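Let's work through a few exercises together. Have a look at the structure first, then try each task before you read its solution.

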Amino acid sequence: MSTSSAMSARPEQKRFKGITLPPSGWTLAILLVLYIFTGLIGHDPWKNDDAVTIGVVHDLVRNGHWLSLSLAGAPYPDAPLHYWVAGATSYLFAWLLPLHEAARLASGVFTLLALTFIYLAARELHGREQAPAAPLLLAGSIGFLFHAHEAQPMLATLTAHTAAYWGLAQLNGRALRGACCFGAALGLGFLANGLAAMLPLLPVAAFAAWRAENRRRAIVMLLGALLMAALLAGAWLGALQRDAPDFLAAFWQDELAVFAGGNQPLLNLTRLSGLLPWYAWPALPLAGWTLWAKRRQLRTLPLALPIFAFLVTLLAIITYLGARSTTALLLLPPLVLLAVPGVSSLRRGAANAFDWFNMITFSFFAILAWIGWSALVFGWPERLGQQALRLEPGFVGQFNLLGVSFAVLGTLIWCWLIVTSPRSPMRGIMHWMAGLTLFWLLIATLWMPWIDYGKTYRPVSAALAKALPEKHGCIAGLNLADSLLASLDYFNGIRTLALTSPAGKKCDLLLTTHGAPGAGSWQKVWEGGRPGDRRDNEKLQLYRRQAKTTANRQAGGDQQ
């Protein structure tokens with residue numbers, strides 16, 4: 001531990017001497033494992049990033065495209081690290097799980113690593129006593145909950161950021177190890193998401209070196225770290241230059257497009273101001289309390305480093321990364337590191353109020369989850385059951401003994417935890433994390449069949465495959481999202497060609513969600529969608545080219 005972090009930790013240790021600080025090591029580990037791996041399996045690929053990532057991994061595993069990625073047969077220029085790990089977990093667990101569930105385990109791996117690194121970084125900055133608050137705060141952030149349980153490449157970038165903060169926190173006491181950790185994190189972070197998401201770490205590293213006790217040594221070490229990062233990234237880039245130069249050119253084109261402009265900083269800042277209050281709860285208010293309670297210590301490294309990192313990352317998001325739910329993940333590590341001292345410095349009245357709020361809120365949510373399950377399976381309460389069927393027509397609830405057993409066990413553990421947890425500064429945040437884990441466990445075990453029924457494209461893909469002629473040629477695609485392309489390829493091997501491409505213009509079948517172009521040129525032969533899709537642009541339509549148009553097109557080709 002550095003001198004400054006040790007000095008900042010001593011007052012808290014003295015203040016709470018003799019008080020047990022939950023959770024214990026095993027309790028924390030079990031709680032985090034339940035949080036991480038609940039919900040990763042048991043459902044199909046879902047729309048947006050989950051389906052796209054699984055589609056890329058499916059193509060990677062089936063065709064061996066480990067170097068240059070592809071989606072449904074088309075190049076997909078993206079950094080490969082998350083897909084490599086997901087491909088590895090798919091191979092390792094192919095005997096036990098379908099590919100989409102085995103691939104999603106990679107998210108669990110990166111989530112576990114991110115929670116480990118944020119704990120280590122907090123231990124360096126704030127001391128061993130306060131460090132357990134960091135993984136509880138990160139896992140307890142509501143926005144993190146959603147992305148931690150989908151196939152999400154940004155989780156690999158988040159892991160790289162947390163590892164980088166751990167490395168920078170060691171520049172005073174263990175500069176060589178800290179620089180090696182930072183260099184590895186920077187290089188692997190590039191392989192996880194490219195250059196744009198890792199750039200904010202460079203000024204943070206410069207700030208940490210400037211604040212180091214031995215500034216010259218820290219700068220030399222960080223220059224070595226940059227060389228290490230360049231070697232890690234260059235190994236993949238060099239292999240691409242040799243074997244897939246077109247893919248490399250497309251990758252750099254997408255990377256540079258991020259900086260090309262078109263972002264609206266004020267609009268992005270407005271979006272973040274509406275997103276963060278719930279997305280980063282409870283880390284955000286606790287970070288604000290730290291700024292007030294420790295206002296005379298803001299210039300010390302344990303507080304100055306996360307403050308500077310948060311501001312730099314915020315600037316990067318509003319200027320070129322864009323204010324999206326995934327990019328907002330990068331704001332969580334500095335917020336958490338800033339919020340850690342706020343947990344132990346809360347006044348007793350505020351800490352008790354926060355604790356009671358958590359116990360009452362999640363007990364209420366648990367009751368609602370059980371009532372909702374009763375409505376889905378038994379039709380009681382009747383009005384709630386009717387509403388569930390209206391939202392997802394055709395769903396038939398079934399009693400799952402294994403899922404219900406896990407749900408009952410989780411509920412009993414929650415009740416036991418409320419009764420037996422000793423009073424301490426961390427009791428409130430532990431109850432928040434445990435309550436969030438319980439709620440997610442109940443959703444994953446009781447509600448998942450209903451949610452999956454409305455989100456999966458498996459029945460739609462099967463219906464489309466049945467509607468296709470037995471011997472059909474190519475299928476042109478128009479206005480199809482990547483997640484839809486990935487789902488059709490994954491479930492039934494249905495692939496399309498862009499209608500605007502030379503090959504796509506020759507296809508006699510057209511798949512779209514926005515209607516066929518050209519009046520009279522196409523005839524609709526099939527339409528389908530998920531049970532809850534009510535808007536026309538959410539439904540798939542299959543068209544066949546009119547015979548007259550086909551004949552004219554062939555005649556034109558013969559004349560040429």
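Contact here means heavy atoms within 4.5 Å. This is a predicted model, in which local features need pLDDT of at least 70 and side-chain atom pairs count only at pLDDT 80 or more, while totals for chains, interfaces and linings use all residues. Residues are numbered from 1 along each chain as its sequence is written, and side-chain values use heavy atoms, with hydrogens and water left out.

**Exercise 1.** Find the residues in contact with Phe 182, leaving aside its neighbours within four places in sequence.

**Exercise 2.** Describe the largest nonpolar core.

*Solution.* Start with the terms. A nonpolar core is a set of buried Ala, Val, Leu, Ile, Met, Phe, Trp, Tyr and Cys residues joined through side-chain atoms within 4.5 Å. Buried means under 20% relative accessible area, exposed over 50%, and partly exposed in between (1.4 Å probe, protein chains only). Next, the size: the largest core has 156 residues, and Tyr 35, Phe 144, Phe 182 and Leu 272 have the most contacts inside it. Helix H15 (residues 301-321) gives the most to this core, with 13 residues. (Helices, H or I with at least four residues, and strands, E with at least two, are DSSP runs numbered from the N terminus.) Finally, a second, separate core of 9 residues includes Leu 376, Phe 395, Ala 444 and Ile 451.

**Exercise 3.** Is Thr 445 buried or exposed?

*Solution.* First locate Thr 445: its place is in helix H20 (residues 427-455). Then check the accessibility: Thr 445 counts as buried because its relative value is 19%. Last, look around it: beyond neighbours within four places in sequence, Thr 445 is in contact with Gly 403, Phe 406 and Ala 407.

**Exercise 4.** Which strands are joined to strand E3 (residues 475-478) by bridges?

*Solution.* Two strands pair if DSSP finds at least two bridges between them. Begin with strand E5 (residues 509-512), which runs parallel to E3 and is joined to it by 4 bridges; here Ala 476 has Leu 510 as its bridge partner. Now turn to strand E4 (residues 497-498), also parallel to E3, with 2 bridges; Gly 477 is partnered there by Ala 498.
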